[in-house]
Amino acid sequence: MIEIQLECLANVKEEIKPLLEEHWELVALNKGKIKLNPNWKEYARLDAAGVLRIFTARDEGQLVGYFVLFISQSVHYQDHLFATNDVIFVLPDKRAGATGYKLVKYAEDYCRDSGVSLMTINTKVHLPFDSLMVGMGFDLIERIYAKCFR
């Protein structure tokens, strides 16, 4: 049975590294130019500042997915807290049984209960999960364009 919970960086850092690698291998578009190299010091600083939230999915204690959010006061709308996703991933063989839905729903409930006004989730155009987002009541509000220089 999949268990969803909020965890701190110190508890998941080493365990999350192999999943980050697999995630990067599956979704990254510019692998030859931009290598995965997380800034763990900055993640730790954001965790200590109370900005970082790591929601995990575990199957019999083993990490099988994560949803990482930054929750902070909006610089455009200072009366509001915004939750912006950093990364979201569930191992492909653990996606059955609505694991992704449960992970997002847990984080959504946490944000609502914590006074967050708006949660945003980025999805990859080449690996979309738009039907999940729309089914959960999320609205498509922006498109992001990118150009790789190096």
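Mentor: Phe55, Phe67, Tyr106 and Tyr110 are joined by ring pairs into a cluster. Rings of Phe, Tyr and Trp (its six-membered ring) pair if their centres lie within 6.5 Å; planes under 30 degrees apart count as stacked, over 60 as edge-to-face and the rest as tilted. The model is predicted, with local features requiring pLDDT of at least 70 and side-chain atom pairs counted only at pLDDT 80 or more, while totals for chains, interfaces and linings use all residues. Residues are numbered from 1 along each chain as its sequence is written, and side-chain values use heavy atoms, leaving out hydrogens and water.

Across the whole structure, the search finds seven aromatic pairs. One of them is formed by Phe55 and Tyr106, edge-to-face at 6.0 Å centre to centre with 65° between the planes. This pair links distant parts of the chain, 51 residues apart: Phe55 belongs to strand β2 (residues 52-59) and Tyr106 to helix α3 (residues 99-113). Such elements are DSSP runs numbered from the N terminus, helices being H or I of at least four residues and strands E of at least two.

Phe55 is buried, at a relative accessible area of 0%, whereas Tyr106 is partly exposed at 34%. Here buried means under 20% relative accessible area, exposed over 50%, and partly exposed in between (1.4 Å probe, protein chains only).

Phe55 also pairs edge-to-face with Tyr110, at 5.4 Å centre to centre and 65° between the planes. That pair again links distant parts of the chain, strand β2 and helix α3, with the two residues 55 apart. Tyr110 has 23% relative accessibility and therefore counts as partly exposed.
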